[in-house]
Amino acid sequence: MLTLECPYCSIQADETELHAGGEAHLKRETVGSLDNDFEDYLFMRENPKGVHFERWRHVAGCGKWFHAARCTMTLEVFGTYSAQTLAPPKDLREKISTKRPGWTWRAFS
Amino acid sequence: MKRYSVFAIAREAMRQHAGWPRAWASPTPKAKYDVVIVGAGGHGLATAYYLGKNFGITNVAVIEKGWLGGGNTGRNTTIIRSNYLQDPSAAIYEKSRSLYETMSQDLNYNVMFSPRGVIMLAQTHHEVRGYQRTAHANALQGVKTEFISPARVKQLVPIMNIDGPRYPVLGGLWQARGGTARHDAVAWGYARACSDMGMDIIQQCEVTNVLTDGGKVTGVETSKGKILCDKLGGVVAGHSSALAEMAGFQLPMESVALQALVSEPIKPCMDVVVMANTVHGYMSQSDKGEMVIGGGTDGYNNYTQRGSFHHIEETVRALIETFPMISRLKMLRQWGGIVDVTGDRSPILTKTPVEGMFMNCGWGTGGFKAIPGSGWAMAELMANGHSPLTEEFSMNRFRAGKFIDESVAAGVAH
């Protein structure tokens with residue numbers, strides 16, 4: 001059972017309490033955006049084999065969206081953080097770099 | 001290739017079965033091939049087979065990281081059907097289903113195709129309307145299906161409880177020539193036929209990089225050295241994004257785990273395949289007597305080939321109202337595969353931004369049934385640069401907004 005800490009409730013939440021929301025830190029496109037950018041935003045995904053930043057919602061708890069950094073190869077959870085941010089926090093990125101030297105994920109690595 | 005036949009069995013029986021040759025060779029890779037296919041699962045091997053059979057291209061290598069058919073080909077619930085709603089889907093899946101009909105004869109390998117019939121249960125009024133629409137669409141597409149009454153469903157599947165309080169059975173979409181086949185045999189049969197045509201099947205050879213020159217593919221770097229090629233086909237299911245990244249482009253795709261399970265073996269009790277899409281469960285009985293059960297995917301990106309146990313629990317719980325007798329069965333084993341799910345839940349058979357490189361992926365939760373049709377179409381695409389079966393499945397459809405709106409029609413279950 002995947003367990004993530006909800007950064008709002010500060011409790012360990014089982015996967016059954018949560019809902020996965022897909023890739024995090026997508027740049028939202030809007031009226032006037034180019035077709036290619038819309039395609040990237042709506043459909044193109046990093047889908048890495050390794051470090052993945054993703055959205056989760058604490059549906060059976062506080063109901064808030066938050067972000068998680070997780071390894072898709074081992075299911076190891078590196079940490080969770082607030083959704084009110086455009087990039088993963090620096091300390092989390094450093095922690096990941098220690099554990100997975102050379103990881104890549106857009107401009108965040 | 002020594003043909004398999006009743007005479008061959010008789011001959012070998014006389015000499016302690018000492019004369020059976022290996023079904024396929026395990027050669028060391030050559031420096032260069034006309035075509036390299038990455039991925040020796042069903043789709044990859046079928047692609048290679050039809051390149052040889054339909055287009056005479058036999059200087060082909062099929063490269064496999066693990067072992068032949070050890071990925072999703074050996075991890076599915078072996079269901080074959082073609083009762084899709086949209087024309088492009090019906091065309092490729094029906095092509096596939098029709099190829100399954102003659103596959104054993106074509107490959108001289110018994111793939112145990114069992115056209116026992118597939119019912120997709122309508123358990124809500126919405127589903128009744130949806131499946132009636134699909135039956136009408138199928139009639140126009142030349143796919144033989146019909147919408148049947150609850151009484152007929154009960155007649156076909158006596159063990160089913162059609163009066164469930166929560167999800168009563170209100171009818172079903174019945175495809176009499178759908179069914180199952182032996183999944184491993186499909187891969188083995190294609191591998192044997194490919195090897196016989198002189199193709200090289202190279203197992204335990206991981207692709208580590210895609211080599212390009214001026215935007216054109218020139219080969220692949222592998223754990224067994226560099227292998228050059230004129231054309232490259234990526235047929236790697238859940239690892240398609242990883243292969244695309246090596247070639248420098250992205251795919252509209254996410255990899256998630258899909259699980260299935262079998263019960264302990266019991267006496268024959270159900271001779272059709274039943275899919276219940278409202279509750280996300282599907283079931284058939286294997287020749288060994290096990291009830292083969294599958295459900296929906298896990299919700300999060302995953303490359304580990306194992307999933308969350310609560311999904312197994314949900315699937316079984318969902319099926320128990322409709323099949324009360326399975327509540328007393330023990331689970332024998334459970335497994336997971338990594339499926340490549342696209343933005344519109346339909347596959348991608350496409351040219352890519354890299355000239356000479358093609359991708360066949362995105363079959364998601366329903367790839368097994370598509371193996372021969374997918375290989376047929378992909379071979380045509382790779383040989384000719386276009387195929388009527390793949391036109392609508394280009395990766396550019398997402399930019400153009402030309403989705404194949406099939407995920408609702410197909411439900412989650414495949």
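**Chain B, overall**

I'm working from a predicted model here. I started with contacts in chain B: of those between residues at least 6 apart in sequence, 75% join residues at least 24 apart. Next I looked up the element count, and chain B has 12 helices and 18 strands. Then I checked how compact the chain is: its radius of gyration is 21 Å against the 22 Å that the globule rule gives for 414 residues, so chain B is as compact as a globular protein of that length. Along the principal axes, the C-alpha atoms of chain B fill a box of roughly 65 × 65 × 40 Å.

I also looked up burial and surface. Of the 414 residues in chain B, 58% are buried. The chain exposes about 16500 Å², and 53% of that comes from carbon and sulfur atoms.

**The sheet in chain B**

What is the strand order in the open sheet of eight strands? I read it as S5-S6-S4-S13-S14-S15-S12-S16 in chain B, with mixed pairing. S5 (146-148) and S16 (331-342) are at the edges with a single partner strand each, so one side of each has no neighbour in the sheet. On average, neighbouring strands of this sheet are turned by 25° against each other, ignoring direction.

I picked one pair to look at in detail. S4 (residues 118-122) and S13 (residues 273-276) of chain B pair in the parallel sense over three bridges. In that pair, Val118(B) stands opposite Val273(B) of S13(B). Helix H9 (residues 309-322) of chain B packs on the sheet and touches S4, S12 (253-263), S13, S14 (281-285), S15 (291-301) and S16. The direction of H9 makes about 135° with that of S15(B).

**Helix H2 of chain B**

I did a length check on H2 (residues 42-55) of chain B. At 1.5 Å a residue, its 14 residues should span 20 Å, and the end C-alpha atoms are 19 Å apart, which agrees.

Is H2(B) enclosed or open? I find 11 of its 14 residues buried, so H2(B) is largely enclosed by the rest of the structure. Among the buried ones are His43(B), Leu45(B), Tyr49(B), Tyr50(B) and Leu51(B). Just after H2(B), Gly56(B) takes a positive phi of about 65°.

Met112(B) has 35% relative accessibility, so I log it as partly exposed.

In chain A, Ser10(A) has a phi near 55°. Ser10(A) is in the loop between S1 (3-5) and S2 (12-14) of chain A. Its relative accessible area is 51%, and Ser10(A) counts as exposed because the cut-off is over 50%.

**A hairpin in chain A**

How do S5 (residues 65-71) and S6 (residues 77-82) of chain A pair? I see the antiparallel sense, over five bridges. Ala68(A) stands opposite Thr80(A) in S6(A). S5(A) and S6(A) form a hairpin with five residues between them. Leu75(A) in that turn has a positive phi of about 70°.

Definitions and conventions: Residues are numbered from 1 along each chain as its sequence is written. Chains are lettered from A and ligands numbered from 1 in the order in which they are written. This is a predicted model: local features need pLDDT of at least 70, side-chain atom pairs count only at pLDDT 80 or more; totals for chains, interfaces and linings use all residues. Side-chain values use heavy atoms; hydrogens and water are left out. Two strands pair if DSSP finds at least two bridges between them. Helices (H or I, at least four residues) and strands (E, at least two) are DSSP runs, numbered from the N terminus. Axes are lines fitted to C-alpha atoms, for helices over the stretch in contact, and angles run from 0 to 180 degrees between N-to-C directions. Contact means heavy atoms within 4.5 Å. Buried means under 20% relative accessible area, exposed over 50%, partly exposed in between (1.4 Å probe, protein chains only). The radius of gyration is taken over C-alpha atoms; the globule rule is 2.2 Å times the number of residues to the power 0.38. Accessible areas come from the Shrake-Rupley method with a 1.4 Å probe; for residues, only the protein chains shown count as cover. The expected span of a helix is 1.5 Å times one less than its number of residues.
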